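Hi,

Here is the structure I said I would pass on. Have a look at it first, and then read on for what turned up.

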Amino acid sequence: MQEKFYLTTAIDYVNGKPHIGHAYEKILSDVIIRHKRQLTDKAYMLTGTDEHGVKIQKTAAAKGISPIELCDENFSGFEKAWKELEISYDQIIRTTDEKHKKTVKKIFKKLLENGDIYKHSYTGLYCAGCESFLNAKDLTQDGLCPDHLKKPEEITEENYFFKLTKYKDKIAEYIKSHPDFIKPSIRVNEILNQLENIEDISVSRTKSSVQWGIEVPNDDTQTIYVWIDALSNYITAIGYDSEEPSEQFKELWPADVHVIGKDIIKFHSIYWIAILMSLGLPLPKSIFAHGWITIDQSKMSKSLGNVIAPHDVLTAFNLEKPDAFRYYMASAALSGKDGNYSDEDFKEKVNADLANNIGNLLNRTLNMLVKYFDGELKSDFISDENSKAAILASNTKTQVIECFNRFEVAEAANLIVSFADNINKYVTDSAPWTLAKEGKMLECGRVLYNVLEAMRHIAIMIYPYCPNIAENILTQLNEKADFKYTNLYWGGLKNGKITEKDKIKPVFLRLDSEFATDKKKG
């Protein structure tokens, strides 16, 4: 069993409602944490919402409601979406929580006492979308923010600044000496290049610009800016305190991975790391930057009208459980790459992998067990761990664990499906129906045992992606729903009567099947 594993997601800005991009990150994170829970009893997942800033202030004013009313309304939308997708977080933090606000003030004060915060008058180009000052060289040829395609506003303010440049060389040295720190590795040079031209960063805004936020200690003219406020959630949520950290903080910190989008990797691998260095805290073990999800090969945009809510996909396909959507999203992109969602591809992929490959393999094998052996697995059917199926299972398990250790979630899913492919081929090559016809019942029984034992392994390995389908598979195998990896040994499927004809049901109906269509009409 592994030691503790602490995973955090980026916290979602509650200026709008959850969409498929938010869902991608949370599903990715949930698949990772469910896998880690299969290996340790001390796996912990934190998610949350970012609820301060000028965008929320302006949106609330336009709606004629208070900022906290807007935050409450949109937070409930995120909470509901994650429940519907069965995101199994251990804690969800809001940056408007009193405990968080209190601790952020202490963090600001400690950074000030350490000599890393100073007051300075500054004129810069501010992008409200990024909530960040940009350098002119970072803009497009038309002078626009490259992410939001809007012209930044020139702002002159006297704010508090954090001495980011003080930690520049130390951060670069750390990144170079810890090759597993930034994943995927293609992002490392990007961060090192950004470090070359890094400047001190503003960590407050004047109250005249931003009222909605945490007040700077002992200065009621300033509001603490997003970086100290939002990024600190990873430690405030688990009980960090500059005077006496909680037992939970001592147990969980440092984070084993921050799962974030590639657009905010700079803030996590430079800004956040410098803040932690100033606080004298251990650094997170990994920062994993995933790619974006496009819709029909186009970037999501309100102006294009292609922003999709995860609930809409579940509704459109009449999915009572989120397994198919979870599986599709988690396998939509290789590690760190961009992925794409389309209704047609969704239908084709889940039908091929979940219904045809895995579901049909279980269904036809159980039916053969009923036909030839009245649903009973006899003790002499059990093969040893040197059988072809057993070796395939063992190799797949090892490779899946290795993929998850590198946060290669889609790659791990591909391995599991490939294992099912190989077992389907094993059935075809072994032809148990021919063995039965020839009266070779022992050989036939051993083939069926191998396939059903392989299905038990598939259920355990695919559980993080499809928890309901995985449980359904084990139920049909008359096995307890225990998904710990300690159960992944060959020969664990118990013998005896395991099924009857009327107990065999598809674990996943094809989205275009007659039954699924009838169910939708009903």
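How many of the 15 residues of α10 are buried? Keep in mind that this is a predicted model. The count is 14 of the 15, so α10 is largely enclosed by the rest of the structure.

Stay with that helix for a moment. From its first C-alpha to its last, α10 reaches 20 Å, close to the 21 Å expected at 1.5 Å a residue. If you follow α10 along, you will come to a bend of about 25° at W272. Just after the helix sits G280, with a positive phi of about 75°.

Keep going and you get to S286, in the loop between α10 (265–279) and β14 (287–290). Is S286 buried or exposed? Its relative accessibility is 7%, and because buried means under 20%, S286 counts as buried. What does S286 touch, leaving aside its neighbours within four places in sequence? Its contacts are D180, F181 and K183, then D256, V257 and H258, and also F407.

Now for a sheet. Four strands make up an open one, in the order β6-β5-β7-β9, with antiparallel pairing. At the edges are β6 (132–134) and β9 (201–202), each of which pairs on one side only. Strands of a sheet pair through backbone hydrogen bonds, either parallel or antiparallel.

Methods: Residues numbered from 1 in each chain as written. Predicted model: local features only at pLDDT ≥ 70, side-chain atom pairs only at ≥ 80, totals over all residues. Heavy atoms only, no water. Helix = DSSP H or I, 4+ residues; strand = E, 2+ residues; numbered from the N terminus. Buried < 20%, exposed > 50% of the residue type's maximum accessible area, 1.4 Å probe, protein only. Contact = heavy atoms within 4.5 Å. Pairing = 2+ DSSP bridges. Expected span 1.5 Å × (residues − 1). Bend = angle between axes of the 7 residues up to and from the residue.
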